[in-house]
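Subject: Structure for you to look at

Hi,

Here is the structure I promised to pass on. Please open it alongside this email, and I will walk you through what I found.

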Amino acid sequence: MHCYEVAVVAPLATPLTYGQPVDHEQALEIGLRVLVPLGGRLVTGYVLDVVDPPEKKSGKDSIIIKPIVDCLDREPLFPPGLVPLYRWIADYYHYPIGEVIRTALPGGITATSGHILRLTRQGKKDKSLLAGDDRYGETGWMQELLTAGKLPAAKTARLWRKPALQRRLKTWESQGLVVIEDVLIREKNRRRLEKVIVVTPEVDAVFKTCDDPTAEDMYAHLTRHLDLSPGKAEQTLLTRFLKIYLAGGGRPVSKRDLNRAYGNAGKILKRPLVTGILTQEERRLYRDPFGEQPPPMEQPATLTSEQEAVLSQLVPAVEERTFTRFLLFGVTGCGKTEVYLQAAQKALALHKSVLVLVPEIALSSQLEAHFYSRFGDTLAVLHSGLSSGQRLDEWQRILAGQAQVVIGARSAVFAPLSDIGLIIVDEEHESSYKQDSGLCYNGRDLAVLRAQFSRCPVVLGSATPSLTSFYHADTGRYTLLTMKKRVADQRMPDVEIVDLTTVKKSRQDLFFSDQLIHALEDNLARGEQSLLFVNRRGYAAFMLCRDCGHVIQCRHCRVSMTLHRGAGQLICHYCGYTLPTNILCPGCRTGKVVPLGLGSERVENEVGQILPQARIARLDSDTATSRKEYLALLNRVRSRDIDILIGTQMIAKGLHFPHVTLVGVVWADSGLNMPDYKATERTFSLLSQVTGRAGRGEQSGRVIIQTHQPGHYAVSFAQEHDYTGFYKQEIAARSDLGYPPFSRLINFRFSGPVETRVLEAASRVAGFCKTRLQAREGEILGPAPAPLALLRDRYRYQILIKGFSPASVHRLCNQVLAERSSLCSRQVRMTIDVDPENMM
């Protein structure tokens, strides 16, 4: 009997063993999705391996191997080569392997068992017994049950998760008032199929003997060879079919397209004469992931000397199929993208596949255009901007070998590519490569690991590499590739610093210095484009009472609410809670609440006051709510329909606008004083990146940075475009404090609705850790309230472990997880974040 190692979608650290499905004779393939019994319910699992049956034992030690209930797929969802990667991730990030695979796969394909709550005849007759229940009789779900006679699986599941309510439902079932039906909840996403019309093999052979490629000539050739005498309707159908057939290069014709060309096609296709020529089939229909075809990008006629020098080291590693970690350190506008394209082209020529990661969708669309122009339909994209159906289609295109190049955000690191020849991580310094919830993985780090498993080179590219990556290059672990010059010898932009603590402004009501106002006016007069960066969306950062100084905070989160004047609301950016703008101060009950602080919406409003004649646009998550809107706005900038673009981090990196010659940083200090050891590094990187948007065309660029801290080294080094100088000063500070790369961090996070219980759990875990971690192995900081101490009605505490021995701190994590039930009550949620990027 075959037995299988199955990773189940449940909070279990290790896979389970199941037997052969009853109705399957052949051994199951690795990567198949299956339905298995677990604790009285059915859950999704993934076949990891074929294993030997356990030894038979008698008595109390006997083992019963339950069979797999069903196979949910005809073909595997991932190749066997990804199993070692999944195992490593589960072990390193201390996360259940079944949940790891579920995270890696496209969403909406997990099947599980559930319940439907239905009234019995007795329950319909005695509705008053249920309606009169003192605790649940007047709830919304009860009213729906009494009216509709049943509750769907999703609503029943919410009730079932509450133990007291589950007991009450079972009591009603024993009284004969309701019945709790077990149901299988199937996946939401399915393959999309379409009917197509194809020619029969006999007709295909006739077509191959026809030298004339027009539809009319092919029709005449066909009727002669097969001695056919079609009627008028049949002739019209065949001729129009052939026009579509030829236009598509001889591919099957969609029945929908044929119906559009000839409205009566459905009836004519059934006639005997036509059925001998054309047949109907079903084929897989892949949903378009692009929305609209990316704009064409020209290939440069020649490479720069620096591009050639970099490729002379990179291409041999691709050819030799060796695992090499390259750090491509190139200034903004130096042509890193062309290096990526040339290296990818070499890998494809060797019949290898290529994986390209970008930190966010905004940068994905830029690289998509370049790669699509070069590689066409061999490109697949994977990111959160796709619908779940599009993502499933792209995944299965990759799995089937129809796409050899994959571009996507962090989750694309799981793409089911086989025989990878090159992995590229663009803007490798970006913190958005780190997932902050659920499986807290780092896409950049996993890309390096996947390259190691695939025995291929990996390129980490950035104009401002993360300190950890540059440290690895500095100490010889990574191979450093440098590009110090912009393409076509363009100069780096001149950067001017405006000290907001001393500068005199003619408009005190605005956030703009006279220097920045005059620069915007001059740039507009010359017909050139400007970009204004502000690192916060909304109109004002907070609302303050003039009388008592009270700041309006979210009732569910201990954070100030942001004014969005266009929407007429105060919005919490963490949980989405809203309030009207015309509110009284909760502290003193007066109406003297005023907006203070800065946001992209306010900057847009003030620029409109300064330059009413300018064409202004704003790009942030409020204005670009979909990929289509985002691309449309970028196209308007490229076509020069916009004079001034205002935005948040979405405009700070990766975008290439040749006619942008002025960049203004409205306030550079917003992230400098955050309670995070990486705050200075992020500020330097952000300033350097947004500075690099200026002067990328024929005209030189100018940058104006407004700041209250002009002497801060993050600002001064960004002004000088001096990454190396910044690195030396910041790495010395990290060494003194023992922060990465000189240690490994692990953050234990605790949250729950009752603060005292959260603190108790965190204190117990901290005490447990202190008895098991020696001083030379690591340092334990906390427990302490998280900087965001209340989010979504959950109090938050954390323990930070600064590890000097990675093996020791990971062993400690396993020990804590083994004792989780005794350390944390059920009301407290504990998560482990390995190598945290966000300390908030």
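This is a predicted model: local features need pLDDT of at least 70, side-chain atom pairs count only at pLDDT 80 or more; totals for chains, interfaces and linings use all residues.

You will find Ala488 in the loop that runs between strand 18 (479-483) and strand 19 (494-499). Its relative accessible area is 64%, so Ala488 is exposed.

While you are checking the backbone, have a look at two prolines. The peptide bond from Pro740 to Pro741 is cis, with omega near 15°; Pro741 sits in the loop between helix 25 (723-737) and strand 30 (744-752). A cis peptide bond also joins Gly782 and Pro783, with omega about 15°, and Pro783 belongs to strand 31 (residues 778-791).

Now for the chain as a whole. There are 28 helices and 33 strands in the protein chain. Its radius of gyration is 31 Å, close to the 28 Å that the globule rule gives for 840 residues, so the chain is as compact as a globular protein of that length. Along the principal axes, the C-alpha atoms fill a box of roughly 90 × 75 × 60 Å. Of the 840 residues, 51% are buried. Among contacts with a separation of 6 or more, 75% are between residues 24 or more positions apart. As for charge, the chain carries 105 positive and 90 negative side chains, and the centres of the two sets lie 7 Å apart.

Helix 21 (residues 600-610) is worth a visit too. Its buried residues include Val603, Val607 and Ile610, and also Glu601, Arg602 and Glu606. Among the elements that cover the buried residues of this helix are helix 20 (514-525), strand 20 (529-533) and strand 27 (644-647).

Last stop: Ser254, in strand 10 (residues 253-254). Ser254 counts as buried because its relative accessibility is 6%. Its side chain reaches the backbone nitrogen of Arg256 at 3.2 Å. Apart from neighbours within four places in sequence, Ser254 is in contact with Glu194, Lys195 and Val196.

Notes
Residues are numbered from 1 along each chain as its sequence is written. Side-chain values use heavy atoms; hydrogens and water are left out. Helices (H or I, at least four residues) and strands (E, at least two) are DSSP runs, numbered from the N terminus. Buried means under 20% relative accessible area, exposed over 50%, partly exposed in between (1.4 Å probe, protein chains only). A polar contact is a pair of N or O atoms within 3.5 Å; within protein, one must be able to donate a hydrogen and the other to accept it, and residues adjacent in sequence count only if both atoms are side-chain atoms. Contact means heavy atoms within 4.5 Å. The radius of gyration is taken over C-alpha atoms; the globule rule is 2.2 Å times the number of residues to the power 0.38. Lys and Arg count as positive and Asp and Glu as negative; His and the chain ends are not counted. The place of a charge is taken as NZ of Lys, CZ of Arg, CG of Asp or CD of Glu.
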